[in-house]
Amino acid sequence: MKIFGKTLLALSLMGAVAAAAQADDKVLHVYNWSDYIAPDTIAQFEKESGIKVVYDVFDSNETLEAKLLAGKSGYDIVVPSNNFLAKQIKAGVYQELDKSKLSNYKNLNTSLLKAVSVSDPDNKHGFPYMWGSIGIGYNPEKVKAALGADAPVNSWDLVFKPENAAKLKACGISFLDSPTEMMPAALHYLGYKTDTQDKKEIAAAEALFLKVRPSVAYFHSSKYISDLANGNICVAVGYSGDVYQAKARAAEAGDKVKVAYSIPKEGAGSFYDMVAIPKDAENVEGAYKFMNFLLKPEVMAAITNSVHFPNGNAAATPLVDEDIRNDPGVYPPAEVQAKLYAIADQPAPVLRELTRSWTKIKSGK
Ligand code: N2P
């Protein structure tokens, strides 16, 4: 009887465990960049798959990385930029993709896959979601009022010349809060390699930032979208699509505020954001279903139409709105692409140096 009782208990425990496992299979935890998906993408996936998505957002690689390296992030799908993916692969964060589960993988842009394979040989751990440039979002009227009709909106001089920054201070300048993306902009402006490991060159970039620091209103990697749209700031160093989203929001709000985007003539940074599955993901099957869903051309085209970033899906391009597809700020032509530099995967000591500088710059001392 006792044995029978124990067996019953064991059986009911097994039942509970099985039910919990089943419940987990019905929930997918996704961690993506903010303002990086169409309004109905998740609802569509939930309807199609019967899987409930818990969708969280971040606005910097540094935030995502802190969660991943701490372990047990709880996420099944994450979207690091490729330079961060590279070091996270080395840290053992990701599982290898079983591409036989991704029937839509063939839709990806093969030259982009090749380009990002520098961070992930043979594209074993992730595929490109969206990419873009890190340029200058601005309010043409306010910038003209501050600096005149010849304001260098197509040059990094706009924010890196202290006299220009000082004149823009009153209408508001914002910078991304990311050493790995902002320090290369200053290094490039100074004529150094963006992946330099030279302490003196990094110190020169730091000094350049410190000179314009008194004119910078804030460092933040997503707030500038609404601030550009409502005229609270006049210049933001930001991600291409985010500036275009600000422009679209301003237009929707009655077109009183104008927003424009420029890829400075000296060149600018580019980023490639990758979809990957952490090793400790709980719903791996769901993650593959979500990935395969994202690989559908119509799904990716709808996301690009909403967030204004080019995607990694070649088959989606003809489905992207013509005015977005033909906008050189969103899809840079070859001669502009040639001037973009990819943000490099720097060794840990250099990253520490960049982060130290960045903390100093932000505190303004
Ligand atoms: C989305 C910004 C993503 C681009 N708002 C930076 N990787």
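Which residues of helix α3 (residues 61–70) are buried? Let's find out, with a quick note before you start clicking.

This is a predicted model, where local features need pLDDT of at least 70, side-chain atom pairs count only at pLDDT 80 or more, and totals for chains, interfaces and linings use all residues. Residues are numbered from 1 along each chain as its sequence is written, and side-chain values use heavy atoms, with hydrogens and water left out.

**Stop 1: helix α3**

Select 61–70 and pick out Asn-61, Leu-64, Glu-65 and Leu-68: these are the buried ones. (Buried means under 20% relative accessible area, exposed over 50%, and partly exposed in between, with a 1.4 Å probe and protein chains only. Helices are DSSP runs of H or I with at least four residues, strands are runs of E with at least two, and both are numbered from the N terminus.) The four cover an arc of only 100° around the axis, which puts them on the same side of α3. That arc is taken from the directions from the helix axis to the C-beta atoms. Now turn to the other side of α3, where Ala-66 and Ala-70 are exposed.

Next, show what covers the buried residues: among the elements are β1 (27–33), β2 (52–58), β3 (77–78), α4 (82–90) and α9. Just after the helix, click Gly-71, which has a positive phi of about 85°.

**Stop 2: Thr-194**

Move to the loop between α9 and α10 and select Thr-194. Thr-194 is buried, with a relative accessible area of 17%. Leaving aside neighbours within four places in sequence, Thr-194 is in contact (heavy atoms within 4.5 Å) with Pro-184, Leu-187, His-188, Tyr-341 and Gln-346.

**Stop 3: helix α10**

Carry on to Asp-198, at the start of α10: one of its side-chain oxygens reaches to within 2.7 Å of the backbone nitrogen of Lys-200. Then select all of α10, residues 199–212. Colour Glu-201, Ile-202, Ala-205, Glu-206, Leu-208, Phe-209 and Val-212, which are buried. Look down the axis of α10 and these buried residues fall within an arc of 155°, so they line one face of the helix. Lys-199, Lys-200 and Lys-211 are exposed on the other side.

What do the buried residues of α10 pack against? Show α7 (157–160), α8 (162–168), β5 (173–175), α9 (179–189) and α17 (348–363) to see their partners.

**Last stop: zoom out**

Show the whole chain, with its 17 helices and 10 strands. Of its 365 residues, 53% count as buried.

Notes. Expected span 1.5 Å × (residues − 1). Polar contact = N/O pair within 3.5 Å; in protein donor to acceptor, adjacent residues only side chain to side chain.
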